[in-house]
Amino acid sequence: MFRRMIRFAAFVFACKASVVIAVDHDDISWLEHTPLEHHEIGDTLNLRYVFVAGFLNESIPFYFTDNQKSLQANGIAEDRIHRIYPPSNQRIIAGSDFVKDRMDVLLAKDERELVLIGHSKGAVEALLYAIRNSEVIKERVRAVILIQGAFRGSAVADYLANQSTVIPDNRMPWHARLSFLAYKYMSYIIHPFVIRGLSSLLTSRTEKILRLHYTFKPDAATNLRDKVFYVTSARRPHKIADLIRTTAYYLHTYFGPSDGLVLKRDQSLPWVGRVIADLNADHAGLTTSFPVSNAHWSQRHSFTTNLLRFVARF
């Protein structure tokens, strides 16, 4: 009996060891905290990490703060972590120019490879930058990781910019309709500040802009092969953070699963890159903290640690 137990324990250990050694990108449990083993770190300590923030980043505290802390906890030096904050009131083309200006400075510092990580509108601007500068991506960037980007626009942007024909009715909960009406009036107040940024996130426009630049860059398909990766997500409206729960009900009622601001189906493009993670998280839970997100900081720590795990496997 004892020998059988020993054999069984040895078999289990061997199976676990094989899982650790013979891994594939798709086996990562993105929101489960599994510390990086020494053999998993690879050359991630020698890379630099560049975060590109999304829409209304000017008013969102602690954007990428927990992600940076996680990188540092995993041994990444603080001076190898950078953040880019494109202005929210600029169209995505101007935003990608802003990203290029900052990236040129970083690329000139030394020869280390970079990992470019964009979120929301920042993910769209990061992808547009990658398409327009695909030679740089091929030579100097290890991976372009795009988190919850509105690559086909957002139905919320359509509504706030008066471009939507889908008006809330009694299919939405009454409290959500009331809140959504308040959102609409608030949008009139901030309209002059954000309208240019919103106008390039319309569902009728965003993918067309990306496609147009991709078409005029014949080398982009080759240069971006195995470089562009998407992280998508969706979550039930009642579990989404208070600040975006109203828009979550709107999207869920009339369009389909979303992270609260962007439909899951619009968070990736089949003609460039591939999805590496499809998560149960709201639009703010992977990159920002309270009050924008109700997700515990440990979720962002686990996600970022697993992001490192993914990068190390190249």
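**Helix packing and aromatic rings**

Let's start with one contact. Val124, Leu127, Leu128, Ile131 and Arg132 in helix H5 meet Thr206, Ile209, Leu210, His213 and Tyr214 in helix H9. By class, that contact holds 7 nonpolar, 2 polar and 1 charged residues. Keep in mind that this is a predicted model.

Where are these helices? H5 covers residues 121–132, and H9 covers residues 206–215. Their axes are 9 Å apart, and the packing angle is about 15°. Angles under 35 degrees count as roughly parallel. So H5 and H9 are roughly parallel to each other. Their crossing is left-handed.

Next, H5 and another partner, helix H4. H4 spans residues 92–109. The axes of H4 and H5 come within 8 Å. At what angle do they cross? Roughly 70°. H4 and H5 are therefore roughly perpendicular to each other. H4 passes H5 in a right-handed crossing.

Who makes the contact? From H4 we have Ile92, Ile93, Gly95, Ser96, Asp97, Val99, Lys100, Met103 and Leu107. From H5 we have Lys121, Val124, Glu125, Leu128, Tyr129 and Arg132. Sorted by class, the contact of H4 with H5 has 8 nonpolar, 2 polar and 5 charged residues. Look back at H5. Val124, Leu128 and Arg132 meet residues of H9, and Val124, Leu128 and Arg132 also meet residues of H4.

H3 is residues 65–73, and H12 is residues 297–312. Their axes come within 8 Å and cross at roughly 55°. That angle makes H3 oblique to H12. The crossing is right-handed. On the H3 side, the contact uses Asp66, Asn67, Ser70, Leu71 and Ala73. On the H12 side, it uses Trp297, Arg300, His301, Phe303, Thr304, Thr305 and Leu308. By class, the contact of H3 with H12 has 5 nonpolar, 5 polar and 2 charged residues.

Hold on to Phe303, one of the H12 contact residues. It brings us to rings. How many aromatic pairs does a search of the whole structure find? It finds 10. Which residues do ring pairs link into a cluster? Trp30, Phe229, Phe303 and Phe310. So what describes a pair of rings? The distance of the centres and the angle of the planes.

Arg102 lies over the face of Phe98. The distance from the ring centre is 3.9 Å.

To recap the angles: H5 and H9 are roughly parallel, H4 and H5 are roughly perpendicular, and H3 is oblique to H12.

Notes: Residues are numbered from 1 along each chain as its sequence is written. This is a predicted model: local features need pLDDT of at least 70, side-chain atom pairs count only at pLDDT 80 or more; totals for chains, interfaces and linings use all residues. Side-chain values use heavy atoms; hydrogens and water are left out. Axes are lines fitted to C-alpha atoms, for helices over the stretch in contact, and angles run from 0 to 180 degrees between N-to-C directions. Helices (H or I, at least four residues) and strands (E, at least two) are DSSP runs, numbered from the N terminus. Angles under 35 degrees count as roughly parallel, over 145 as roughly antiparallel, 65 to 115 as roughly perpendicular and the rest as oblique. A crossing is left-handed if the near helix is turned anticlockwise from the far one by less than a right angle, and right-handed if clockwise. Contact means heavy atoms within 4.5 Å. Ala, Val, Leu, Ile, Met, Phe, Trp, Tyr, Cys and Pro count as nonpolar, Asp, Glu, Lys and Arg as charged, and the others, Gly among them, as polar. Rings of Phe, Tyr and Trp (its six-membered ring) pair if their centres lie within 6.5 Å; planes under 30 degrees apart count as stacked, over 60 as edge-to-face and the rest as tilted. A charge sits over a ring if NZ of Lys or CZ of Arg is within 6 Å of the ring centre and within 35 degrees of the ring normal.
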